[in-house]
Amino acid sequence: MFIQLFQGKVSDPEGLQRCLDRWDTELKPGATGYLGTTAGTADDGTFVALARFESQEAAKRNSERPEQGTWWAETEQCFDGPVTFMDCTDVTEWMHGGSDDAGFVQIMEGHSSDVGRMRELLGEVGDRVHEGRPDIIGGLLCGDGSDSYVEAIYFTSEAEAREGEKMEIPDDLRPLFEEEMRLMGDVSYYDLHTPMLASR
């Protein structure tokens, strides 16, 4: 799987929604290799989207379509300032991965001293997470081959996620969670209260 992340501050929410709706009806049918999208706008007005493709080549083919270029020229007018992109060639799904059934999604973006070790830790604790946190459906850890990463965690609902945050971590898992927190470094959080979730 390959994921392309893009984000920016929204200046025209209604216009952006129209553009997203048009992509879904007019452009998606011709997007070969497209798998789905997780997107939404955080409290600070930042729109974040993770577009999933079968491969980097499939994403490149989609970007090179003339109709995609025309659509993007209109869509980027809905943002205040530049839109940033991140091509994630290293994608790890843990537990059940992403889910269109999620009622709340939290996106975390940062730089780690060891993204590979973060993946190992997810493999070690992933199956145990649901025991203590039934509100967590699963997640995606995405990297671009450098120290940058994006992690998306999918929850049943925001209310259940907030309750879950109060739960104690089992003693045998605590060292692993503490190590993961250290590796995550300085993190930017984007809470998608009303996530837009779609699969092919």
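User: What counts as a salt bridge here?

Analyst: A side-chain nitrogen of Lys or Arg has to lie within 4 Å of a carboxyl oxygen of Asp or Glu. The model is predicted. One case is E74 with R22, whose closest N and O atoms are 2.8 Å apart. E74 belongs to helix 3 (residues 66-75) and R22 to helix 1 (residues 13-27), so the pair ties together parts 52 residues apart in sequence.

User: How many salt bridges does the rule give?

Analyst: The count is 14. Among them, E124 and R117 meet at 3.1 Å, N to O, and E168 and R174 at 3.4 Å.

User: Which residues are linked in a network of salt bridges?

Analyst: R117, E120, E124 and E179 are linked in this way.

User: Is R117 buried or exposed?

Analyst: Buried means under 20% relative accessible area. R117 has 19%, so it counts as buried.

User: Where does T46 lie, and what does T46 touch?

Analyst: T46 lies in strand 3 (residues 46-53) and is buried, with a relative accessible area of 5%. Leaving out residues up to four places away in sequence, T46 touches Q7, G8, K9, G40, T41 and Y190. The side chains of T46 and D44 are joined by a polar contact of 2.9 Å.

User: How many residues apart in sequence are E131 and E178?

Analyst: They are 47 residues apart in sequence and 18 Å apart in space, C-alpha to C-alpha. E131 is in helix 4 (residues 115-132) and is exposed, at 58% relative accessible area.

Notes: Residues are numbered from 1 along each chain as its sequence is written. This is a predicted model: local features need pLDDT of at least 70, side-chain atom pairs count only at pLDDT 80 or more; totals for chains, interfaces and linings use all residues. Side-chain values use heavy atoms; hydrogens and water are left out. Helices (H or I, at least four residues) and strands (E, at least two) are DSSP runs, numbered from the N terminus. Buried means under 20% relative accessible area, exposed over 50%, partly exposed in between (1.4 Å probe, protein chains only). A polar contact is a pair of N or O atoms within 3.5 Å; within protein, one must be able to donate a hydrogen and the other to accept it, and residues adjacent in sequence count only if both atoms are side-chain atoms. Contact means heavy atoms within 4.5 Å.
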